[in-house]
Amino acid sequence: MTQYIASIDQGTTSTRCMIFNHAGESISIHQLEHDQIYPKPGWVEHDAMQIWERTRTVIGGAMAKANLQAGDIAAVGITNQRETALVWNKNTGEPYHNAVVWMDTRNADIVAELATNGGQDRFRPITGLPLATYFSGLKVKWLLDNFPEIKAAAENGDALFGNMDTWLIWNLTGGVNGGKHVTDVTNASRTMLMNLDTLSWNEEIAAEMGIPMSMLPEIKSSSEIYGYTLEDGPFGGKIPVAGDLGDQQAATVGQACFSAGEAKNTYGTGCFMILNTGTEIQHSDNGLLTTLCYKFGDEPAVYALEGSIAISGALVQWLRDNLELIKDAPEVEALANTVDDNGGIYFVPAFSGLYAPYWRDDARGAIVGMTRYVNKGHFARATLEATAYQTREVLDAMNADSGVNLTALKVDGGMVFNELLMQFQADVLDVPVIRPLIAETTALGAAYAAGLAVGFWKSTDEMRQNWGISKTWEPTEGSDASTTLFAQWKKAVTRTFDWV
């Protein structure tokens, strides 16, 4: 009997279920968006119950489209928006509060307070992370500090914390009736609560943040059987839930970056570049994060350097939803192509501050270089160029940290089908940009982790054989994107500092 792997990709703006065959090809997909909730400037929330219901719906939709039953699925993998924090009641399954999304900045005062004793890098030697609003442990501290009922529930042992992977696995494997409260090393490494070397929770940091250890999920590898779906659950049968990776690490696995020195860049709501650094922890001197890349079963953990950019695809959504310059996201390329250049404007989308390599919570978005000449085409072009410039800054930091200049960049995510952006990206980096045959690498990576755990794929070499090139963009000869234009971008970035 032919079997398949199901992958649940719970992202920032949508949730989808994809079903893959042994060649790594998608045979079915069902996807639904969920609400983006903005209670105050800088605050971003998601309704976790809505996400769980939509997860159930997309599972059913993907299974129905492929005409599959539970027995056709060998395993289920999970990948998720990282750093989005949720606290819920283990007895009722009800969240105490909306999920606080990774780009939310409400905990800025907590970050500043913690930094007064030891600075921004206070916990970096242990966790690989600078103090920043980004990480989920700091979001949990905000919830505990601001809601006495959540703090009381946590102290009584009734409250559970997890990133969205933990929430989905808990519900898929039983919820209040014995659901597994687990996470994997990649998600745990984004909480600012995990020791990079021991892969265990750091009790001292948790105590510093006032987070009881009973709230925290059990840390597992990225590829092992955590539990089984329920007979009356959305899959309609008992299937091993066997893969769990944060979305950017999942994309790295999906791109088959299994060797030290291989890197990928994912263009989604944000933009995230990961460089596999092997089994040794490599700390950054240039504003990058040290994080887990993956851990397969009992094999040694593999580490990575990561450059995180908060806003890339979300900037296109902003043009669509807030300014209404376009009706749907793909229109941005056509609008940008109505002009030959950016008209002298630069758009620095520091809506949630600046992430790598600056880590400036005090920055806010800016459009600089405006003249009467500028039109909406220039706005569209500057929007796309912002992603390429930010990627260049991360790549420069990566080259400096690793001592090895990347000769090409593997790319994935929804924006890699934007021809103008990908060509400009190659020009700004001055290296080839390569899109794989299977561009949905985030969901594929979670599928690989789950399939490896149950023997569906036997080795990483077998997965690597599935990888192939769809298109390569070479740098344009004579382009000034990597020199003059990039220097202007760097100047524009400085204009966003010290705004709040």
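This is a predicted model: local features need pLDDT of at least 70, side-chain atom pairs count only at pLDDT 80 or more; totals for chains, interfaces and linings use all residues.
Residues are numbered from 1 along each chain as its sequence is written, and side-chain values use heavy atoms, with hydrogens and water left out.

**Exercise 1. Describe the largest pocket by its volume, its lining and the elements that supply it.**

Step 1: A pocket is defined on a 1 Å grid over the protein atoms alone, as an open set of points with protein on both sides within 12 Å along at least five of seven lines, whereas a cavity is a set of points where a 1.4 Å probe fits but cannot get out; lining residues have an atom within 4 Å of a point. Grid points are joined across faces, edges and corners, and a volume is the space filled by probe spheres set on the points.

Step 2: The largest pocket holds about 970 Å³ of space, and of its 41 lining residues Thr13, Tyr267, Gly268, Thr269 and Gly414 lie nearest its centre.

Step 3: Among the elements that give two or more residues to this lining are strand S1 (4–10), strand S2 (14–20), helix H10 (313–321) and helix H14 (441–453); helices (H or I, at least four residues) and strands (E, at least two) are DSSP runs numbered from the N terminus. The largest share, five residues, comes from H10.

Step 4: With Ala, Val, Leu, Ile, Met, Phe, Trp, Tyr, Cys and Pro counted as nonpolar, Asp, Glu, Lys and Arg as charged, and the others, Gly among them, as polar, the lining divides into 13 nonpolar, 19 polar and nine charged residues.

**Exercise 2. Describe the second largest pocket by its volume and its lining.**

Step 1: The second largest pocket has a volume of about 630 Å³, and it is lined by 24 residues, of which Tyr38, Met103, Trp318, Asn322 and Phe351 lie nearest its centre.

Step 2: H10 supplies the largest share of this lining, five residues, and the classes are ten nonpolar, nine polar and five charged.

**Exercise 3. Find how many cavities of 30 Å³ or more the structure holds, and say what lines them.**

Step 1: Of its 16 lining residues, the closest to the centre are Ile309, Leu354, Tyr355, Ala356 and Gln390.

Step 2: Strand S16 (302–309) and helix H12 (376–402) each supply at least two residues of that lining, which has twelve nonpolar, three polar and one charged residues.

Step 3: The second largest cavity holds about 50 Å³, and its lining includes Gly254, Pro436, Tyr448 and Trp467. H14 gives the most to this lining, with three residues, and by class there are six nonpolar, four polar and no charged residues.

**Exercise 4. Decide whether methionine 422 and valine 454 are buried, partly exposed or exposed.**

Step 1: Buried means under 20% relative accessible area, exposed over 50%, and partly exposed in between (1.4 Å probe, protein chains only).

Step 2: Methionine 422 is in helix H13 (residues 419–429), and it counts as buried because its relative accessibility is 0%.

Step 3: Valine 454 lies in the loop between H14 and helix H15 (460–464), and it is partly exposed because its relative accessible area is 32%.
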